[in-house]
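Reader: I am new to reading structures, and I would like a close look at one part. Could you take me through a pair of aromatic rings and then on to its surroundings?

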Amino acid sequence: MKNNFVQEFEKYNWEKIVNQIQSKKDLDIKEALFSSKVNSNNFMSLLSPTANNYVEEIAQKAKKITRQRFGNTVSLYIPLYLSNLCSNVCTYCGFSANNKIKRKFLTTKEIIKECKTIKKLGFEKILLVSGEHEKKVGMNYFRKNIPLIRNNFSTLTIEFQPLYTENYKELKKIGVDGVLIYQETYDYKSYLKHHLKGKKKDFFFRLAALERVGESKISNMGLGVLLGLSENWRADCYLMAMHLLFLKKKYWRSNFSVSFPRIQPCVGGIKSSNFINDQELFQLICAFRLFFPDVEFSLSTRESSFFRDKLIPVAINSISAYSKTYPGGYSKEENKEKKEKKLKQFETKDVRTPKEIEKTLKKLGLNPIWKDWDSYLGRTL
């Protein structure tokens, strides 16, 4: 194993991976399905177009593994958007710096108001999200506000711009439990095509970010690609899996999660020409479950209630609910929400209330988990 994934990444050839996945035959899929431990070659087979004819068989095996490893539990979390300010220009994001939208970052008073509203909804796990704007929503902003948020919730994860190891060490001390960094795409050419300006243009700084998180001893790390951004989602997800394998070996004490977001409509955003359909997404996530039996898989409200209700019992063990994708979304008065539409990062499809989702999970035979940690247990700093 190389010392870092940037070095490891150099050995992969995008076109070769595309061709290898494309060449898989029925015999390869059956070998993967009957394997007691799926390897990287088997995983390629399960991702392949040919495997789309075996989704039912892959799903049955995925469901069995999910129940074995996670029981009937499904954790619920909610995103809290701190800001839609962003200094990057990206072709697919509503927060892109060149979009003529209303910009806002929450004041401390507004953050406290959001936390109180979210607490009333029953959530204990929170994901803090912001656009990437180091000057106004950078370390000084985080130092001031994260401890206040931390006091309100049992688990706190962040999805901010990639930072340095010393920054992550400091964030751990003030209450951060986990960090999500989506590479967006592992196809270097596509990455440059869709990231036009700002620090996010630096593909390799982003690629190395989760290792900086690992060095900081923050124990929860999350990966993801934006499905539909590259020309081939199968190759993209194979490389994400290789990244995850590398991190699991290097930071074997850490916990990992994977998200599977599809491009959604947003102000100024592109329409994907390589959209992954529902059956393909089902296949993808079930293939991941066979390759990574112990990893947390998350499904957001980007997806419809119908699709989520079908997939969650099979392979998912963490979901968001009642998500508002703009700063100040929860404490806004209902009649003001329409006016705030242009603040959104993207549109959500599952708009059910937390109670409605809890009721649905129970109907599906699952146990909704609102809290999986308590302050009296302490935290390892």
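Author: Phe 105 is partly exposed, because its relative accessibility is 33%, and the label follows from a simple scale: buried means under 20% relative accessible area, exposed means over 50%, and partly exposed is in between, with a 1.4 Å probe and protein chains only. The areas themselves come from the Shrake-Rupley method with a 1.4 Å probe, where for residues only the protein chains shown count as cover. Do keep in mind that this is a predicted model, in which local features need pLDDT of at least 70 and side-chain atom pairs count only at pLDDT 80 or more, while totals for chains, interfaces and linings use all residues. Residues are numbered from 1 along each chain as its sequence is written, and side-chain values use heavy atoms, leaving out hydrogens and water.

Now for the rings. A pair of aromatic rings is described by the distance of the centres and the angle of the planes. Rings of Phe, Tyr and Trp (its six-membered ring) pair if their centres lie within 6.5 Å; planes under 30 degrees apart count as stacked, over 60 as edge-to-face and the rest as tilted. A search of the whole structure finds 24 aromatic pairs. In one of them, the ring centres of Phe 105 and Tyr 141 are 6.0 Å apart and the planes stand at 80 degrees, so this pair is edge-to-face. Phe 105 sits in the loop between β2 (89-90) and α6 (108-121), and Tyr 141 in helix α7 (residues 139-150), so the pair ties together parts that are 36 residues apart in sequence. Helices (H or I, at least four residues) and strands (E, at least two) are DSSP runs, numbered from the N terminus. Tyr 141 has 9% relative accessibility, so it counts as buried.

For another geometry, look at Phe 291 and Phe 292: their ring centres are 4.7 Å apart and their planes are at 50 degrees, so the pair is tilted. Phe 291 is buried at 10% relative accessibility, and Phe 292 is buried at 2%. Aromatic residues also gather in a cluster made of Phe 5, Phe 9, Tyr 188, Tyr 191, Phe 203, Phe 204 and Phe 246.

Charged side chains come next. A salt bridge is a side-chain nitrogen of Lys or Arg within 4 Å of a carboxyl oxygen of Asp or Glu, and by this rule there are 20 salt bridges. Glu 211 and Lys 250 form one, with their closest N and O atoms 3.1 Å apart. Glu 211 belongs to helix α11 (residues 209-215) and Lys 250 to helix α12, so this bridge ties together parts that are 39 residues apart in sequence. Glu 211 is buried, with a relative accessible area of 7%, whereas Lys 250 is partly exposed at 28%.

Lys 119 and Glu 124 also meet in a salt bridge, at 2.9 Å from N to O. Here Lys 119 is partly exposed at 33% relative accessibility, and Glu 124 is buried with a relative accessible area of 15%. In the bridge between Asp 350 and Arg 352, the closest N and O atoms are 2.7 Å apart. Asp 350 counts as buried at 2% relative accessibility, and Arg 352 counts as buried at 16%. Finally, Glu 132, Glu 184, Lys 200 and Arg 206 are linked in a network of salt bridges.
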